[in-house]
Amino acid sequence: MNTYKYLLEKSNKDINYVRSYVFKNYIKTVIENSNDELNRVMFIANRFKSDFNNPMSFECNGLIAEYNKKSNNWKMLVVPTELFNSQKLIKSEINNYYNHNNYQLHKVYDGTIINLYYYKDSWRISTNKAYDANNLLYTDNKTYLDVFNEILNNYPNFTVDKLSTNKCYTLCMKYYKYHPFIENPHENQNKLIFIQSVDMDELNLNKKLKINNQEDLGIEIAEIYDLNNFASLQNIYLILNNEINRFKKENQYENYK
């Protein structure tokens, strides 16, 4: 992982040196306001200004590390899904990668992306802009943690015991009062969708990035489409455009999905 590699290489430098470097690449750093020796540091790339020729920009989508102020050592806490600049995508390149089957095609959900990670003896929720959102207000005077626990009532097969304290988890949290897009009127609109988990021990101890996007936690798993069902990107575009038009006409029908 490029960001972690860079931090390890600069362990002889203090945090101000690191912040200065990433700032020049339009990567914002947010440091935990604490007198403790260990502080959390969040790295947030600018989707439109960051230089995506620098591979760190892709990774800094709310990436969280722990910084030791005395030793200048770093430990990774959260590896989020990657960021990209949709305005600079080149259609011909996309078509070329698609034709060589270099993509996975994932379903997009109307929801909030969160990360779960274990820190100082408790599970924490982070977003792409907050390293600890547990007690931040989400909607209707409910915090992120309140809404997360409320949605968990829909998943009796989920238990905290299924989570590994050595991993961070990326989930999509869909809440009916905050995300109005209805996929199916016959289903409960409050959902948690598993996107990925990252083994942080493998990363911190063995310098290996091990990502799992099919882990069974007792919640839904993000759907991945079979690319063989779509002849081309143009074909996908037409399907999506037709679905938008169908939604506008049929979303109030009892049998709409």
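A: Glu 215 and Lys 167 form a salt bridge, with 3.3 Å between the closest N and O atoms; the term stands for a side-chain nitrogen of Lys or Arg within 4 Å of a carboxyl oxygen of Asp or Glu. Glu 215 sits in the loop between β12 (211-212) and β13 (220-221) while Lys 167 belongs to strand β10, so the bridge ties together parts that are 48 residues apart in sequence. Helices (H or I, at least four residues) and strands (E, at least two) are DSSP runs, numbered from the N terminus. Glu 215 counts as buried because its relative accessibility is 12%; buried means under 20% relative accessible area, exposed over 50%, and partly exposed in between, with a 1.4 Å probe and protein chains only.

Before going on, a word on the source: this is a predicted model, in which local features need pLDDT of at least 70 and side-chain atom pairs count only at pLDDT 80 or more, while totals for chains, interfaces and linings use all residues. Residues are numbered from 1 along each chain as its sequence is written, and side-chain values use heavy atoms, with hydrogens and water left out.

Across the structure there are twelve salt bridges. One of them pairs Lys 177 with Asp 140, whose closest N and O atoms are 3.1 Å apart. This pair links distant parts of the chain, 37 residues apart: Lys 177 is in the loop between β10 (167-174) and β11 (191-199), and Asp 140 is in the loop between β8 (137-139) and β9 (142-143). Lys 177 is partly exposed at 42% relative accessibility, and Asp 140 is partly exposed too, at 46%.

A helix supplies another example. Arg 246 and Glu 243 meet in a salt bridge with an N to O distance of 2.9 Å. Both residues lie in helix α7 (residues 233-250), three residues apart, which is about one turn of the helix. Arg 246 has a relative accessible area of 24%, so it is partly exposed, and Glu 243 is partly exposed at 35%. Elsewhere, salt bridges that share partners join Glu 32, Arg 40, Arg 124 and Asp 132 into one network.

Now to the cysteines. With a disulfide taken as a pair of cysteine sulfur atoms within 2.5 Å, the count is zero. Cys 60 is in no disulfide, and the nearest cysteine sulfur, that of Cys 168, is 14 Å away. Cys 60 is buried, with a relative accessible area of 0%. Cys 172 is also in no disulfide; the nearest cysteine sulfur to Cys 172 again belongs to Cys 168, at 16 Å. Cys 172 counts as buried at 2% relative accessibility.

Finally, the backbone angles. Asn 72 has a positive phi of about 65° although it is not a glycine. Asn 72 is found in the loop between β3 (61-68) and β4 (74-78), and it counts as buried at 14% relative accessibility. Asn 141, likewise a residue other than glycine, has a positive phi near 60°. Asn 141 is placed in the loop between β8 and β9, and with a relative accessible area of 70% it is exposed.
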